[in-house]
Amino acid sequence: MSEPVQFPLAAVVGADDLKLALCLTAIDPKIGGVLIEGPRGMAKSTLARGLADLLGEGPFVTLPLGASEERLVGTLDLDAALGQGKAQFSPGVLAHADGGVLYVDEVNLLPDTLVDLLLDVAASGTNRIERDGISHRHSARFVLIGTMNPEEGELRPQLLDRFGLNVALEGLPAPEARQQIIRRRLAFDSDPQAFCAQWAEAQAQLRARCQAARQGLAAIALDDQALAWITERCFAAGVDGLRADLVWLRAARAHCAWRGGQAIEEQDVDAVAEFALRHRRRVAPDAAPPSAPPQGGQGEAQGQGGQGDWGALPTQPVASGARREVPNWAKKP
């Protein structure tokens with residue numbers, strides 16, 4: 001049975017930010033994948049499936065929502081164990097996704113243990129199994145794409161941070177864009193082969209651009225100037241840890257390769273800033289720094305002898321994470 005024809009990524013209307021983020025992860029999978037936030041019916045899976053074509057012949061594998069840990073990482077082959085008395089590895093979803101795209105719909109509804117394991121393997125590129133008498137290791141290099149609607153539950157911040165890039169889809173396209181989306185969808189449903197032939201040249205150009213960017217990626221240095229721009233902005237945004245700095249630097253280099261540049265420029269840093277910071281920043285972009293406490297307030301309290309009048313101490317600013325803006329998308333019925 002042949003694989004169903006997929007809607008070409010080049011034919012998707014709008015979603016320019018998401019298409020760029022997907023192309024960047026196709027250029028450098030070490031970025032760590034993309035978390036897509038948006039309501040239902042926004043072509044999230046169509047975009048993810050279109051990404052598989054940019055990677056060449058790699059598979060597109062979907063992780064079922066109710067998958068077990070054994071289904072994800074692999075387990076003992078019971079047929080070989082019972083029939084031949086051998087402890088033999090039976091590959092799971094991670095093995096099947098090697099070299100392609102692993103798509104996780106409603107990733108926020110997966111158990112945290114599975115999400116954590118999934119992100120660990122995506123970062124290392126290797127799956128290690130030590131269980132049921134099996135000690136096995138295999139390559140698991142894939143582009144991880146997760147989707148979620150925050151109105152149905154958020155990921156824990158620790159897991160949210162593990163995704164390289166984060167993009168939110170606009171849930172209310174303009175009437176003109178909606179009409180164009182419907183026309184293309186109807187044309188595809190009517191004759192998928194003819195529709196794909198119509199968009200074959202544009203899709204081939206997109207695929208060739210990603211391929212050329214992958215080939216030129218290693219020649220672009222992760223230089224000190226780009227690192228200085230990024231670390232200063234991460235510090236200003238109150239980002240915890242260093243993962244954002246590394247992801248942002250890799251994404252800026254991938255963007256430089258995408259536009260055919262030879263060295264990372266500030267425009268590359270700016271182009272991917274929101275992708276890297278959206279799910280990590282703790283300080284709003286337009287937030288003013290907290291004002292300093294009144295001069296002499298604490299000294300006066302301490303100068304009153306003994307333990308002092310603790311009730312007179314000035315209020316001290318306390319760093320607290322700013323809540324991410326969650327669009328008011330409708331929940332699934």
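A salt bridge is a side-chain nitrogen of Lys or Arg within 4 Å of a carboxyl oxygen of Asp or Glu. The views below show a predicted model.

**View 1. Arg184, a buried residue without a salt bridge.** Arg184 belongs to helix H8, which spans residues 175-190. Although Arg184 is buried, the nearest side chain of opposite charge, that of Asp16, is 9.1 Å away. Beyond residues up to four places away in sequence, Arg184 touches Phe7, Ala11, Val12, Val13, Phe195 and Trp199.

**View 2. The largest nonpolar core and its contacts.** This core has 59 residues, and Val34, Ile145 and Trp248 are those with the most contacts inside it. Helix H12 (residues 243-258) supplies the largest share of the core, 10 residues.

**View 3. The surroundings of Ile145.** With neighbours within four places in sequence left aside, Ile145 is in contact with Leu22, Val34, Ile36, Ala48, Leu51, Val101, Leu102, Tyr103 and Val104. Another core, of 29 residues, lies apart from the largest one; among its members are Leu63, Ala67, Leu117 and Val121.

**View 4. Cys234 and Cys256, two buried cysteines.** Cys234 has a relative accessible area of 2% and is buried. Cys256 is likewise buried, at 0% relative accessibility. A disulfide is a covalent bond between the sulfur atoms of two cysteines. The structure holds 0 disulfides.

Methods. Residues are numbered from 1 along each chain as its sequence is written. This is a predicted model: local features need pLDDT of at least 70, side-chain atom pairs count only at pLDDT 80 or more; totals for chains, interfaces and linings use all residues. Side-chain values use heavy atoms; hydrogens and water are left out. Helices (H or I, at least four residues) and strands (E, at least two) are DSSP runs, numbered from the N terminus. Buried means under 20% relative accessible area, exposed over 50%, partly exposed in between (1.4 Å probe, protein chains only). Lys and Arg count as positive and Asp and Glu as negative; His and the chain ends are not counted. Contact means heavy atoms within 4.5 Å. A disulfide is a pair of cysteine sulfur atoms within 2.5 Å. A nonpolar core is a set of buried Ala, Val, Leu, Ile, Met, Phe, Trp, Tyr and Cys residues joined through side-chain atoms within 4.5 Å.
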